[in-house]
Amino acid sequence: MDRNLLFGRRIVDNCNQQTKYPNDVIISPSINQSQKPWRCGRCNSVIEPLQTQLPGENYYCANCIMLGRNSTLTQFYHLPEENRFELQTQPLTWTGQLSKLQEECSQQVTECLQQHQRHLLWAVTGAGKTEMLFNAISEALKRNERVAIASPRVDVCIELFPRIQSAFANTEMCLLHGKQTDPYRYTQLTICTTHQLLKFYHAFDNLIVDEVDSFPYADNPQLYFATEQAVKKEGGILYLTATPGKKLLARAKRGELGISYLPLRYHGHLLPEIKIKLVPNWQLKIKKKQLPPSLIRAMKERIAKQQRFLLFVPRIADLPLIKIAIERKISGVRCVTVHAADPQRLEKVQAMREEKIMFLVTTSILERGVTFPGIDVFVLGAEDDVFSDSALVQIAGRAGRSTDRPTGDVIFWIGQYAQNVRSAIHQIKFVNQKGRVIQREMHDL
C-alpha cells in the first residue's frame, strides 16, 4: 500500500486483511463499541442491530454502505496528514479581475482561511463566489496547506473542477465523486462531493463547503459529522451559500461564524425577479399529455428566437408525459429530459453547456451550481412541495448570469399561490433592495 494514499484518510479494511500496510499505520475500530448505542466511526450513525446483523453476531452500518461496507469485521487504517507537497510561490494562474465588492469579500475570505476560522460567505447566485475564493486558496497553498472544496452535488463538482484547474494550472488536484472511476490520488487540492468527506480524517487545513443549504447536505447529521472529521482539529471551514438556512444564520448571530455578504452579481446587476402565471389544474393537463397553452407559447417564442431555456418540473414521472406534449405541440423539436437517476445525465448537461441543444426539461437536480449563459428559466408547478423556497431562489438564479444578457426571464406557472413561492419572491425582492442600495452608493462615488 502506497503510504501517500493513507495520509489524512481512513481506509476501511477487514480485520484479517491481506493488504500490506506500512509498519507505522494506525489501526483503530471502524465501529465504536465502547459505549451503547454502537456508532459507525465513519458517519457517526447509530448501528441498528435488528436491521444490520451479519452472521456470528456481527453488524454493519447501513447509512454509509454506498462507500463500502463498514462493520464489526473491519478496521480503520490511517496515517496522519503530513502535508508532503512542493512549496509554491505563485500557485494562482488566473489573471481575471474582481469587482470592488468581490475584492472586499475576497479579502475577508483570505483572512478567514489564514486564521483557520469558521466563516459564512452569503452571496447571491451569480455573484462570482468561485472567483472570490481564488486568492484565499492561493495563499493557503503558499503556506503548504492542504485544501478541499466540497459540494453536495456531482454536477457542481464536475463544473467546478475545470475552473479550479484553470485557475491553479500548476497545482496537483483530484476530483472525487461517486460516479467516477479514476482512482484516488494524494493531492494538495481536492474537489469532491460532501459524501466523499466521509473517507477523510483530519486531512485538510482548510475546507470550503459550497451550497450548504442544498440537499443532501442540509440538515444531514452524517455529512455535518464528515465535515468536522475531514478538517484538522485546528483547521478552518468556509461555508458558501446564496440562501442560508435558519441554523447557519443563528450560528452567525451567536458569533460562532464570521459572515461576509454580497447582494449583487459579479456584473453589478440585480437578480431577475419572478413572474407568475396562474394555470389551475396543470396536473390534470400533464396526465392527459398536455401543457398550459401559455407555456407552449412561451417555449415557441424562445425557440423561434433561438433563446435557450430550462424548464423545471416537480417529478420524474412528469418527464415522459411532458416530452410527448412538447413534441406534439411544437413541430420539429426534440425534447431532452434529465433527472438524477438518468444514466445519460452528465452527457445531457454537457450538451446543454456546449449549446448543442436548445433547452432541457429537468427536475430540481439543475437548481444550482450549473451555469448556462444567457438562458431563461421556466418552472411548471412551482407550488409543489418538492420545491423549497431556497430551491426556487436557486432555480431563478440560473437566469441572468451572463454579462452579455444579465437579465433574463424567470416565469413560474402555478395552480395556486403557496408559501414556498411567496417566500422565494420575497427573498429575491429583499436581496434586490439591498443591491439597489449598494448600486446607489457606487454611483455616488
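The side chain of E228 counts as partly exposed, at 37% relative accessibility, where partly exposed means between the cut-offs for buried (under 20% relative accessible area) and exposed (over 50%), taken with a 1.4 Å probe and protein chains only. R118 is likewise partly exposed, at 22%. These two side chains meet in a salt bridge, with N to O at 3.1 Å; the term stands for a side-chain nitrogen of Lys or Arg within 4 Å of a carboxyl oxygen of Asp or Glu. Because E228 lies in helix α4 (residues 221-230) and R118 in strand β8 (residues 118-123), the pair ties together parts that are 110 residues apart in sequence. Helices (H or I, at least four residues) and strands (E, at least two) are DSSP runs, numbered from the N terminus.

The model is predicted, so local features need pLDDT of at least 70 and side-chain atom pairs count only at pLDDT 80 or more, while totals for chains, interfaces and linings use all residues. Residues are numbered from 1 along each chain as its sequence is written, and side-chain values use heavy atoms, with hydrogens and water left out.

Side chains of opposite charge can pair when their charged atoms come close. In this structure the count comes to 28 salt bridges. One of them joins E81 and R146, at 2.5 Å from N to O. E81 sits in the loop between β7 (74-78) and α1 (100-114) and R146 in the loop between α2 and β9 (147-151), so this pair ties together parts that are 65 residues apart in sequence. E81 is buried at 12% relative accessibility, and R146 is buried at 0%.

Another salt bridge is formed by R315 and D384, whose closest N and O atoms are 2.7 Å apart. This pair links distant parts of the chain, 69 residues apart: R315 is in the loop between β16 (309-312) and α8 (318-329), and D384 is in the loop between β19 and α10 (389-396). R315 is partly exposed, at 37%, whereas D384 is buried, at 14%. Salt bridges also link K275, E301, R302, D376, R405 and D409 in a network.

Turning to the strands, six of them make an open sheet with parallel pairing, in the order β15-β20-β19-β16-β18-β17. At its edges are β15 (274-278) and β17 (337-338), each of which pairs on one side only. Two strands are said to pair if DSSP finds at least two bridges between them. Strands β19 (residues 376-380) and β20 (residues 410-414) run parallel and are joined by four bridges. Within that pairing, F378 has I411 of β20 as its bridge partner.

The second largest pocket holds about 510 Å³ of space. On a 1 Å grid over the protein atoms alone, a pocket is an open set of points where a 1.4 Å probe fits, with protein on both sides within 12 Å along at least five of seven lines, and lining residues have an atom within 4 Å of a point. Grid points are joined across faces, edges and corners, and the volume is the space filled by probe spheres set on the points. Its lining has 28 residues, with G128, T130, R163, T371 and R401 nearest the centre. Helices α2 (129-142) and α3 (154-167) each supply at least two lining residues.

Finally, M173 is found in strand β10 (residues 173-176) and is buried, at 4% relative accessibility. Beyond its neighbours within four places in sequence, M173 is in contact (heavy atoms within 4.5 Å) with F161, I164, Q165, F168, R185, T187 and L189.
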